[in-house]
Amino acid sequence: MGEFLETYGSLLASGTVDTLVMTCAASFFAYVIGLPLGIWFAVTTPTGLRPNRAINTILGWIINIGRSIPFIILLVAIIPFTRLIVGTSLGVPGAVVPLTVAAAPFVARVVEQSLAEVDSSLIEAAHSFGANNFQIITKVMLRESLPSLVRGVAITFVSLFGYTAMAGTVGAGGLGDIAIRYGYQRYMPDVMLVCIIICVVMVQVFQSAIDWLARHIDKRKH
Amino acid sequence: MIELKHVGKVYQARDERHRALDDVSLTIEDGDIFGIIGASGAGKSTLVRHINLLERPTEGRIIIDDKDVTDYQGKELRELRKNIGMIFQNFSLFQQRTVLQNVTFPLEIRGHAKAENIERAHKLLQLVGLDEMWKRYPSELSGGQQQRVAIARALANNPRYMLCDEATSALDSRTTIQVLDLLKRVNRELGVTMVVITHSLDVAQQICNRIAVIDGGVIVEEGLTQDVFANPQSDVTRELLARGKAEPQSTLDMEKEA
Ligand SMILES: Nc1ncnc2c1ncn2[C@@H]1O[C@H](COP(=O)(O)OP(=O)(O)OP(=O)(O)O)[C@@H](O)[C@H]1O
Ligand SMILES: [Mg+2]
């Protein structure tokens, strides 16, 4: 055990950090792009605040196309774009770009679904008090769906966590990369097992924390 | 004063046209508690939602305080709405906001200073007798309490008018009386003109000074409450009255239990 840690401890530690950094950074950028996109999509639906069939249809296409490309293909297909943005297609920066591109449409969909859950009578009530659309989005839609939005963060995070393993196979580093290179290619089942355990623990901890948070901030009847 | 002049509303859903309001003309004077009664689907909600332009008429004009507001848009419309409070059958309270934050919502919308808003909200909550519950969330209140919060919220902007769409039909008869008493007090003490939709003749008789009876989108009768009850002019009203008498006093309770 001690020997194992001595040999692989720092490798696994840096792999864990890489995986976490990739997941967190990509989640962050995916929300920077996906949150406004999801709001825009929700607002332009036929029953939305500002119905606009053309924009809604186009956004729907973008979101669905984005979500329908398998990540492993997206990863290699956008390598020129990745190089353009961060100067390399390797390492953590090289992975964050495709991860973000893959997750942004996913986030947009998750956000749109959360916003769609907001009772339309609340939006109507806000209208009746003279709220403008921006106020309705921020003070009613986002606020009332906050617990659901938070749960969406967990879904995004866990999905991205899985994607990082695939990015690992094309040189991104991280736990996925270690599991493949050592656990699989050099046939070291102990390394494989430790990688799996770290992944399971990280996902569990994150999911539980988010569940707790979402429950804590949700003031509806449980 | 609220005036509806020959208001008509046609809903167009694909190739189906539905006429929800037909040549509705009404005058609601300042200080009135004006009742709108009619069967389900008669067009009561549609009518009232035209007053704050949640719906636009296909024909006719809506005049509030001698101003034709029918085509109001944007800022003008939002300013108008701040003068017309509204309460709803299902209360429509914001679930993720405390009682206090619900009442400050219309004030936040206006961008007043936060401290002032909170002070005013506490005053309103005192008025509706719920100030000690200001920290609670709507899910922690009874239906009657929720509706009182909704009334406080509707009064936040000091409106001249208040629209009540079936404000008591989700409540039992005792709570209904409390809420009606509160509405009466708001009318008397704050001088708020009220438009009250109800399918309950009891409710209409208890608080309205004038009522209009609507059927199939048409106003079939309008007048002082006691006159309409004593001497109904239309068949629809007579039928409503006959059915109202035949029902026991506690229909609302029975509906709740069912
Ligand atoms: N958005 C809409 N599109 C199409 N038809 C509508 C719409 N809103 C209302 N209607 C129709 O207009 C008529 C009047 O509806 P309204 O909601 O005003 O009735 P109501 O008198 O308030 O009934 P209730 O007592 O059940 O609330 C109904 O036949 C209804 O189906
Ligand atoms: Mg109705």
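How many cavities of 30 Å³ or more does the structure hold? In this predicted model, the count is two. The chains are described before these spaces are taken up in turn.

Chain A is built from helices. Its secondary structure comes to 10 helices and zero strands. From the N terminus on, the elements therefore read α-α-α-α-α-α-α-α-α-α. Along the principal axes, the C-alpha atoms of chain A fill a box of roughly 70 × 40 × 25 Å. The chain has 222 residues, and 45% of them count as buried. Among contacts in chain A with a separation of 6 or more, 72% join residues 24 or more positions apart.

Helix α10 of chain A covers residues 189-217. This helix has 29 residues. From its first C-alpha to its last, α10(A) reaches 42 Å, close to the 42 Å expected at 1.5 Å a residue. Its buried residues are Val191(A), Cys195(A), Met202(A), Ile210(A) and Ala214(A). An α-helix has 3.6 residues a turn, so residues three or four places apart point the same way.

The loop between α9 and α10 of chain A contains Tyr187(A). This residue is not a glycine, yet its phi is positive, at about 50°. Tyr187(A) is exposed, with a relative accessible area of 65%. Glu166(B) also has a positive phi, near 50°, and is a residue other than glycine. Glu166(B) is found in the loop between β7 (161-165) and α6 (173-190) of chain B. Is Glu166(B) buried or exposed? With a relative accessible area of 9%, Glu166(B) is buried.

Chain B is divided into two parts: domain 1 (2-83 + 161-257) and domain 2 (93-158). Their C-alpha centres lie 25 Å apart. The contact takes 15 residues from domain 1 of chain B and 13 residues from domain 2 of chain B.

The largest pocket has a volume of about 820 Å³. It is lined by 27 residues. The closest to its centre are Gly48(A), Leu49(A), Arg50(A), Ile123(A) and His127(A). Which helices each supply at least two residues of this lining? In chain A they are α5 (91-116), α6 (120-128) and α7 (133-144), and in chain B α2 (74-82). By class, the lining of the largest pocket divides into 11 nonpolar, nine polar and seven charged residues.

The largest cavity holds about 50 Å³ of space. Of the 10 residues that line the largest cavity, the closest to its centre are Glu166(B), Thr168(B), Ser169(B), Thr198(B) and Ser200(B). The buried Glu166(B) is thus one of the residues closest to the centre of this cavity. The lining of the largest cavity has four nonpolar, five polar and one charged residues.

The second largest cavity has a volume of about 30 Å³. In chain B, α2, β6 (84-87) and α5 (143-155) each supply at least two residues of the lining of the second largest cavity. By class, this lining has six nonpolar, two polar and three charged residues.

Technical notes. Residues numbered from 1 in each chain as written. Chains lettered and ligands numbered in written order. Predicted model: local features only at pLDDT ≥ 70, side-chain atom pairs only at ≥ 80, totals over all residues. Heavy atoms only, no water. Helix = DSSP H or I, 4+ residues; strand = E, 2+ residues; numbered from the N terminus. Expected span 1.5 Å × (residues − 1). Buried < 20%, exposed > 50% of the residue type's maximum accessible area, 1.4 Å probe, protein only. 1 Å grid on protein atoms, 1.4 Å probe; cavity = no way out; pocket = protein on both sides within 12 Å on 5 of 7 lines; lining within 4 Å. Points joined across faces, edges and corners; volume = space filled by probe spheres on them. Nonpolar A, V, L, I, M, F, W, Y, C, P; charged D, E, K, R; others polar. Domains from an automatic or database assignment. Contact = heavy atoms within 4.5 Å.
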